[in-house]
Amino acid sequence: MPPKARITKDMIIDAAFEIAREKGVENINARTVSNRLNCSTQPVMYHFATIEELKNAVYIRTDQYHTEYLMRISGAWEDVMLAIGLNYIRFAVEELHLFRFLFQSGFIAENSLPEMIDSEELSPIIFAMQKAMNRSMAQTKEIFLTLALFAHGYASIIANNALEYDEELIKVHLERVYRGAILATREEVE
């Protein structure tokens, strides 16, 4: 008799991530994950003492996926910040359950928005924006904060079915907010 396939912690996280992606984080439990992996619940509970612990691991995986998603910038946009802002809103449309998990489920990190801007996870995005805009780090963070608040509001409204996704209109609005934030940082320097 061949040995049974070993179910690893990463396999469990991947399966739970796919469940969160397809059906929402509220559908993650030992049974749904074990069904996805075609195994008993024992490996799930062996690697994760509680489902809350598994959901926390999936949250970290989702946050990493979100960062990678934001950085998928096509050559069509010259301004990195605008592309990232649009990707943020697009994420709420294309990955609705993951967006809700990250930003509307209560699993969000205890950090405030200013603390998140200084986080190691966000540094690749901030550095890309700083390079693209040729601004100081303080100015880049201020512009990012303005655009992030606007993009998050837009994405949340769309994610909660209160607004239809209209990419062309969103681009216009993002452009206005972005240009206004840049002008405001220039005025502060003068």
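**Salt bridges in a predicted model**

Good morning. Arg90 is buried, with a relative accessible area of 19%; buried here means under 20% relative accessible area, exposed means over 50%, and partly exposed lies in between, with a 1.4 Å probe and protein chains only. The model is a predicted one, in which local features need pLDDT of at least 70 and side-chain atom pairs count only at pLDDT 80 or more, while totals for chains, interfaces and linings use all residues. Residues are numbered from 1 along each chain as its sequence is written, and side-chain values use heavy atoms, with hydrogens and water left out.

What does Arg90 meet in a salt bridge? The partner is the side chain of Glu167, at 3.1 Å from N to O; a salt bridge is a side-chain nitrogen of Lys or Arg within 4 Å of a carboxyl oxygen of Asp or Glu. Arg90 lies in helix α5 (residues 80-94) and Glu167 in helix α10 (residues 167-189), so this pair ties together parts that are 77 residues apart in sequence. Helices are DSSP runs of H or I with at least four residues, numbered from the N terminus. Glu167 is partly exposed, at 24% relative accessibility. Arg90 and Glu167 also belong to a network of salt bridges with Glu168 and Lys171.

I turn to a second pair. Arg61 and Asp14 form a salt bridge through their side chains, at 3.3 Å from N to O. Arg61 is in helix α4 (residues 51-70) and Asp14 in helix α1 (residues 9-23), so the pair joins parts 47 residues apart in sequence. Arg61 is partly exposed at 26% relative accessibility, and Asp14 is partly exposed at 35%.

By this rule, the count is nine salt bridges.

Notes. Helices (H or I, at least four residues) and strands (E, at least two) are DSSP runs, numbered from the N terminus.
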